[in-house]
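Subject: Structure handover, with notes

Hello,

I am passing on the structure we spoke about, so that you can look through it alongside my notes. Please keep it open while you read.

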Amino acid sequence: MGANRLEMVQEARAAGLLLECRVCYSDEWLESDIIPCLGGHLFCNECVGQGTEAQVGEGRCIIKCLVPSPAASC
Ligand SMILES: [Zn+2]
Ligand SMILES: [Zn+2]
């Protein structure tokens with residue numbers, strides 16, 4: 001599974017489809033690793049799992065915003 005994911009990341013990088021998490025700023029996430037908030041900010045599932053354990057549940061695809069900034073209003 002690890003090698004498979006690596007291939008997917010490489011393919012996504014070649015296609016310019018990798019996404020950046022707004023919390024950890026890692027930019028090697030696949031679309032399937034990323035969860036958006038209502039305002040369209042993108043967060044990786046690792047940061048979502050750490051920051052909002054209570055929000056992660058079955059069928060939950062929109063989460064409370066995790067942007068570490070008071071300017072975020074979503
Ligand atoms: Zn992250
Ligand atoms: Zn947001």
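The protein chain has a mean pLDDT of 82, and 74% of its residues reach 70 or more, where pLDDT is the predictor's confidence in each residue, on a scale from 0 to 100. Confidence in the protein chain is highest in E2, at 91, and lowest in H2, at a mean of 81. Where pLDDT is low, the predicted coordinates should not be read in detail.

This is a predicted model, in which local features need pLDDT of at least 70 and side-chain atom pairs count only at pLDDT 80 or more, while totals for chains, interfaces and linings use all residues. Residues are numbered from 1 along each chain as its sequence is written, and chains are lettered from A and ligands numbered from 1 in the order in which they are written.

The secondary structure of the protein chain comes to two helices and two strands, which follow the pattern α-β-β-α when read along the sequence. Helices (H or I, at least four residues) and strands (E, at least two) are DSSP runs, numbered from the N terminus.

Which residues form the largest nonpolar core? It has eight residues, namely Cys-21, Trp-29, Ile-35, Phe-43, Cys-44, Cys-47, Val-48 and Leu-66, and strand E2 (42-44) and helix H2 (45-51) each supply at least two residues of this core. A nonpolar core here is a set of buried Ala, Val, Leu, Ile, Met, Phe, Trp, Tyr and Cys residues joined through C-beta atoms within 7 Å. A residue is called buried if 20 or more other C-beta atoms lie within 10 Å of its own, exposed if 12 or fewer, and partly exposed in between, with the C-beta atoms placed from the backbone. Of the 74 residues in the protein chain, 14% are buried.

Among contacts in the protein chain between residues at least 6 apart in sequence, 30% join residues at least 24 apart; two residues are in contact if their C-beta atoms, placed from the backbone, lie within 7 Å.

Val-23 lies in the loop between H1 and E1 and is partly exposed, because 18 other C-beta atoms are within 10 Å. The C-alpha atoms of Val-23 and Leu-42 are separated by 8.5 Å, although these residues are 19 apart along the chain. Pro-68, in the segment after H2, is 45 residues from Val-23 in sequence, but their C-alpha atoms are 7.1 Å apart in space. Pro-68 has 9 C-beta neighbours inside 10 Å and therefore counts as exposed.

Tyr-25 is placed in the loop between helix H1 (2-14) and strand E1 (34-36), and it has a positive phi of about 60° although it is not a glycine. Is Tyr-25 buried or exposed? Tyr-25 is exposed, because 9 other C-beta atoms are within 10 Å.

In helix H1 you will find Gln-10, which has 12 C-beta neighbours inside 10 Å and so counts as exposed. Gln-10 and Glu-28 are 18 residues apart in sequence, with a C-alpha to C-alpha distance of 9.2 Å.

Finally, His-41 is found in the loop between E1 and E2, and it is partly exposed because 18 other C-beta atoms are within 10 Å. Leaving aside its neighbours within four places in sequence, His-41 is in contact with Arg-22, Pro-36, Cys-65 and Val-67. His-41 is also 21 residues from Glu-20 in sequence, and 9.6 Å from Glu-20 in space, C-alpha to C-alpha.

Best wishes
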